[in-house]
Amino acid sequence: MRDREKEKEVTDKELLVQVLSRLDERQLIGIVEEIGVEQPLGQALVKILEEELHWSEKTLKLDQLKVLLKEELETTQGTRREFYKELIYFVDRAGKTDAQVYNEIGMNRTLWYRLRDNRNAKTNKRNVLKMAVILQLDYWEMYYLVNLAGYSLLPKDDLTDRTVAFCIRHGIYEKGKVDELLIEAGEKPLFSED
């Protein structure tokens, strides 16, 4: 017990500094860009980086940034996943059959197979949200699938998106509960009729 008392407790900030200190310049810039320096979290992160690691976002000159961008574009070229391939992956991972998924979504068989087997087939965003619930995706997988389908997940601006995102973040995958929460938010249910 005394040994534990003697151990120095690591604060969240110290832990964050330790993690950040292991990242290279490119990774730090990527994190800052992703969060956005205009956001409070981004500002706090930049402050920690500058104070603790003596880092400045401006350490790379524009020419160096252009080289890094070119390298990143070359590295990622051709790696974009396609909706139908990811859909197959998520269905298989969930251990469901195609029939189980399209029946639970309320989609007809022809549309499902066109969507599953044709890279150019499209469906509406509500169907993609239903897929996220039925396939029990996590938040980032849902975000990813919605994006691959050609839509944006807008939890800040769209009540349906916000409610479905809330359900997924809290592990609520029962269709009835999702619909009940959508109705409570004043939105149309996904799985049942109004």
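Trainee: Before anything else, what is a salt bridge here?
Mentor: A salt bridge is a side-chain nitrogen of Lys or Arg within 4 Å of a carboxyl oxygen of Asp or Glu. Please keep in mind that this is a predicted model.

Trainee: Which residue forms a salt bridge with Glu 104, then?
Mentor: Lys 96 does, and the closest N and O atoms of the pair are 3.2 Å apart.

Trainee: How many salt bridges does a search of the whole structure find?
Mentor: The search finds 4. One of them joins Arg 93 and Glu 141, whose closest N and O atoms lie 2.5 Å apart.

Trainee: Where do Arg 93 and Glu 141 lie?
Mentor: Arg 93 belongs to helix α6, residues 83-94, while Glu 141 belongs to helix α10, residues 139-148. The pair therefore ties together parts that are 48 residues apart in sequence.

Trainee: And is Glu 141 buried or exposed?
Mentor: Glu 141 counts as buried, because its relative accessibility is 17% and the cut-off for buried is under 20%.

Trainee: Moving on, what does Glu 174 form a salt bridge with?
Mentor: Glu 174 pairs with Lys 177, and their closest N and O atoms are 3.6 Å apart. Lys 177 is partly exposed, at 44% relative accessibility.

How values were computed
Residues are numbered from 1 along each chain as its sequence is written. This is a predicted model: local features need pLDDT of at least 70, side-chain atom pairs count only at pLDDT 80 or more; totals for chains, interfaces and linings use all residues. Side-chain values use heavy atoms; hydrogens and water are left out. Helices (H or I, at least four residues) and strands (E, at least two) are DSSP runs, numbered from the N terminus. Buried means under 20% relative accessible area, exposed over 50%, partly exposed in between (1.4 Å probe, protein chains only).
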